[in-house]
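Please look over the structure below, then read the numbered notes beside it.

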Amino acid sequence: MMMVTPINDLHGWEPGSMVKGERLMRCKLASTHRLFDLYGWALISHTCLTLRVSKEQEHFLVLPDGLAYSEVTGSSLVKVNILGEVVEKGSTNLGVDAEKFSLHSAIYSARPDVRCLLHLHTPATAAVSAMKCGLLPLSHEALLVGDVAYYDYNGVMEEEEERVELQKSLGPTCKVLVLRNHGIVALGESVEEAFYTIYHIQAACQIQVSALCCAGGEQNLILLDRATHKPNPAGTVGWAGSTFGPLHKSRIGEHEFEALMRTLDNLGYRTGYAYRFPVLLERSRMRREVEVPATVTAFHQFDDDGVHPALRQHPFAQRQQQERTRWLNTPNTYQKVSQEQASPGHQRTTWLKTEEVTQAGSTSIKIENPNQFVPLFTNPQEVIETRNKIRQQNRQDMKTAGPQSQVLASVITEDSPPSPVSPPKVPPEPEPPNPFNQLTDQELEEYRKEVQRKQDGGTNEEAKTDSPAIQNGGEEEKQTTEELEKGMKALSTNDTSSPPAPPTAKPQGGTPEGSPSKSPSKKKKKFKPPSFLKKSKKQKEKAEV
């Protein structure tokens, strides 16, 4: 066991000039330095690993001089510009070698699409860079590397002519640059791609050195044809520069780099890497399922017979043990709280739920103004008008779901409702049936004559009553008897001659005899003396008095 310096130490260190995504970039580059140290590729000098942070400002992260690969952290990296001048010093007092960074500055200037450069100077890569034949297609790793560019590097990039020559030899798409007698540089659009390339370069160089040592020369080796022996896809994607197309689900080397980051995290390096592809499949858990801690059930002691001592216990004791284990495995949702008693100086300790404790510990706010929580610059007149409109809508029941669409306002269909401008006309209610529709013209004429006759008879009788009373009593009796006989005859003739009227019809003339449709027997029973007879009797009594 040994102490491991964590890679992600940026929690308490916040540089003022940190751009978006710089925290993750620092962790990635520092993790790459740790991987170089674990693989044995780290050298004290001659190598440099850089990462472009911002394309707009052309800032880069570089390892300071004098710091070992095993000591690199996210905060120890130095930020420099394209000229090698320090922009952000980091957490160390060490500087940066501008001459070592000059090669990377020239490559970044020639290739704006490149974001990461990894310079490897191991014995195998230095040996291959010193061979005239260069990197030979002897293995599958050599084919995965792709096109290779060669450049005669003298250690420093000071002249402008050297930069132009480097740009010509590198080209627009090449991702591998062999520096004659100075190792190999891998170019990548991300840290994952650059590390994937440098890993296969190291493997291909080791295979080539071992093959040449055993075969004794290039003529004794079998070379692979790149057109015939096509390399397999790198990971889950093909070897094709930028991998943002619809058929590419991840960038080159991303899965492999995540596996290495998980290895470092398991070793305690704390890389701070943001994983995109989870390894374990998350299974759905039951609501009552609780993870059992290792201290409770992982370690068991057995007797000499190989039987667990809990099996020899009484069933009641086993139940108690299970209940105790279940209580220990449940989450701690209670908290020990000291409550003050009524008497001063005395406290009582109780167990309360965490939710109750947090609710009890909340800070109360005193409301001093009814408009304390009203937003600033609010016009009270507008609030009152809006409130009155809402109340008016509530009274008139005019609540709607919002403005209605008028796109189909001019479209009329069979099922469309009528327009609100012209309301539909309500058909008039049917009139009651006319009772005289079933009578003929002759019957109606006879009925009219009868009514007229009755009206004429009533006027004659009234006129006779208005005449002065006769003194002679015998003459009055004769007249009354004659009038009664005439009235009876007229009534009998009218009843026999008049046609039967419908039951609903009523006579227009208000005669005291009633409707002519009634039978004569009923009329005789309901007959009453006329008014003129009553008047004459009164007059007779007056005369006798």
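1. Helix H1 (residues 22-39) and helix H7 (residues 254-266) have axes that come within 11 Å and cross at roughly 80°. Axes are lines fitted to C-alpha atoms, for helices over the stretch in contact, and angles run from 0 to 180 degrees between N-to-C directions. The two helices are therefore roughly perpendicular (65 to 115 degrees). Helices (H or I, at least four residues) and strands (E, at least two) are DSSP runs, numbered from the N terminus.

2. This is a predicted model: local features need pLDDT of at least 70, side-chain atom pairs count only at pLDDT 80 or more, and totals for chains, interfaces and linings use all residues. Residues are numbered from 1 along each chain as its sequence is written, and side-chain values use heavy atoms, without hydrogens and water.

3. Which strands sit at the edges of the sheet? The open sheet has eight strands in the order E4-E3-E2-E1-E5-E8-E7-E6, with mixed pairing. Its edge strands are E4 (86-88) and E6 (148-151), each pairing on one side only. Pairing takes at least two DSSP bridges between two strands.

4. Four bridges join E6 to strand E7 (residues 176-179), and the two run parallel. Ala-149 stands opposite Leu-177 in E7.

5. The disulfide count is zero; a disulfide is a pair of cysteine sulfur atoms within 2.5 Å. The sulfur of Cys-214 is 6.6 Å from the closest cysteine sulfur, in Cys-213, too far for a bond. Cys-214 is exposed, at 71% relative accessible area (exposed means over 50%, with a 1.4 Å probe, protein chains only).

Notes:
Parallel < 35°, antiparallel > 145°, perpendicular 65-115°, else oblique. Buried < 20%, exposed > 50% of the residue type's maximum accessible area, 1.4 Å probe, protein only.
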